[in-house]
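Subject: Structure handover

Dear colleague,

I am passing on to you the structure that we talked about, with its sequence.

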Amino acid sequence: MNNDPKSLFLGSHCGLSGPEYYLGTVKEALSYNSGSFMFYTGAPQNTKRTPLNQLRIEEGRALIKEAGLDESKIVIHCAYIINLANKENTDIYELGKRFLSQEIKRAAAFHVKSIVFHPGSHLKHGVEYGLESLIEAFDEVLQNDDTDVKIAVETMAGKGSEMGTDFSQIAYLLTHVKRKDKLGVCLDTCHINDAGYDVNDVDGVLSEFDKIIGLNNLLVLHVNDSKNPIGAHKDRHENIGYGHIGFQTLSKYIHHPLLVNVPKILETPYFEGKAPYKKEIEMLSSGVFEPDWRDHL
């Protein structure tokens with residue numbers, strides 16, 4: 001079994017804050033012995049962004065190279081306040097398009113290839129309406145995009161009128177946008193569990209994904225346990241081995257031969273104010289679960 005986080009491209013979400021900014025992000029990732037990482041380019045709840053020339057990007061990139069990480073496996077998560085699945089409020093819709101375009105440009109400045117994107121909510125207008133709103137927005141945002149950044153549309157848990165809750169919706173997006181080269185998928189284990197997929201049937205999930213979407217379109221894997229049973233539609237992440245999915249299943253995703261080249265990102269919660277990622281990465285890499293591990297953080 002491959003137990004090297006670098007070659008597994010296994011890491012976690014990390015912060016981006018001053019004074020070290022991206023240099024600090026990379027240092028945080030390395031402190032967890034990560035082989036990859038994901039970060040926001042600013043607060044996910046708003047559109048305020050620190051200018052790129054203040055973010056110490058080249059220093060961070062130099063440390064990535066020094067540490068032997070594959071820069072192409074690093075991921076950005078787009079701000080989740082954007083909702084492009086409903087175009088009824090034109091001000092919000094236009095703001096979302098402008099901000100997504102900005103986030104793509106910022107990702108390119110970091111030399112990041114994938115930006116994870118929540119497909120949003122149709123707000124009781126129906127799935128078809130939501131899909132058409134998203135396609136219209138993607139076509140406008142991407143028509144003149146000359147970066148090598150791809151949008152990784154995330155599978156979602158199905159809260160309310162949330163989009164992206166089944167593979168067929170995402171497949172529709174990927175096949176109907178004009179710039180098919182610019183879209184891919186982020187598969188989240190907690191989200192598909194909560195959406196009703198039997199996440200424990202790893203081969204079955206990946207087979208269905210490949211049949212409907214195509215594994216060649218899988219850009220990112222979010223590795224999260226779930227506080228809720230299958231089909232709960234709640235989206236509450238849990239630490240590895242403490243939820244309804246369990247360690248053994250999540251370890252199978254980490255080591256699955258079909259996912260060998262996919263960056264794998266933990267978004268599990270802090271426990272009593274402590275980051276769990278170093279221990280979770282260690283256990284998932286080795287394939288060995290330590291009961292009550294949170295008590296020893």
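This is a predicted model: local features need pLDDT of at least 70, side-chain atom pairs count only at pLDDT 80 or more; totals for chains, interfaces and linings use all residues.

Residues are numbered from 1 along each chain as its sequence is written, and side-chain values use heavy atoms, with hydrogens and water left out.

The barrel

A closed barrel of eight strands runs in the order β1-β2-β3-β4-β5-β6-β7-β10, with parallel pairing, and the twist from one strand to the next averages 30°. Helices (H or I, at least four residues) and strands (E, at least two) are here DSSP runs, numbered from the N terminus, and two strands pair if DSSP finds at least two bridges between them.

Strands β5 and β6 run parallel and are joined by four bridges, with Val153 standing opposite Val185 in β6. In strand β6 (residues 183-188), six of six residues are buried, a word that means under 20% relative accessible area, with exposed being over 50% and partly exposed in between (1.4 Å probe, protein chains only). Leu183, Val185 and Leu187 point one way from β6, whereas Gly184, Cys186 and Asp188 point the other way.

Further along, three bridges join β7 to strand β10 (residues 264-266), and these two strands run parallel. Helix α9 (residues 247-255) packs on the sheet, where it touches β1 (10-13), β7 and β10, and its direction makes about 155° with that of β7. Helix α4 (residues 90-109) lies across β3 (75-77), β4 (114-117) and β5 (150-154), running at about 150° to β4. For such angles, axes are lines fitted to C-alpha atoms, for helices over the stretch in contact, and angles run from 0 to 180 degrees between N-to-C directions.

Leu218 is found in strand β7 (residues 218-223) and is buried, with a relative accessible area of 7%. Leaving aside neighbours within four places in sequence, Leu218 is in contact (heavy atoms within 4.5 Å) with Val185, Leu187, Phe209, Leu259 and Val262.

Ser12 is found in strand β1 and counts as buried because its relative accessibility is 0%. Not counting residues up to four places away in sequence, Ser12 touches several residues, among them Tyr32, Ser34, Ile265 and Tyr277.

Gln169, which has its place in helix α6 (residues 167-176), counts as buried at 7% relative accessibility, and with the same exclusion of residues up to four places away it touches Val127, Leu131, Met163 and Gly164.

The pockets

On a 1 Å grid over the protein atoms alone, a pocket is an open set of points where a 1.4 Å probe fits, with protein on both sides within 12 Å along at least five of seven lines, and lining residues have an atom within 4 Å of a point. The largest pocket holds about 270 Å³ of space and is lined by 16 residues, of which Tyr80, His118, Met156, Lys159 and Glu162 lie nearest its centre. The second largest pocket has a volume of about 160 Å³ and is lined by 13 residues, with Ser72, Lys73, Ser114, Leu219 and Pro263 nearest its centre. Grid points are joined across faces, edges and corners, and a volume is the space filled by probe spheres set on the points.

With best wishes
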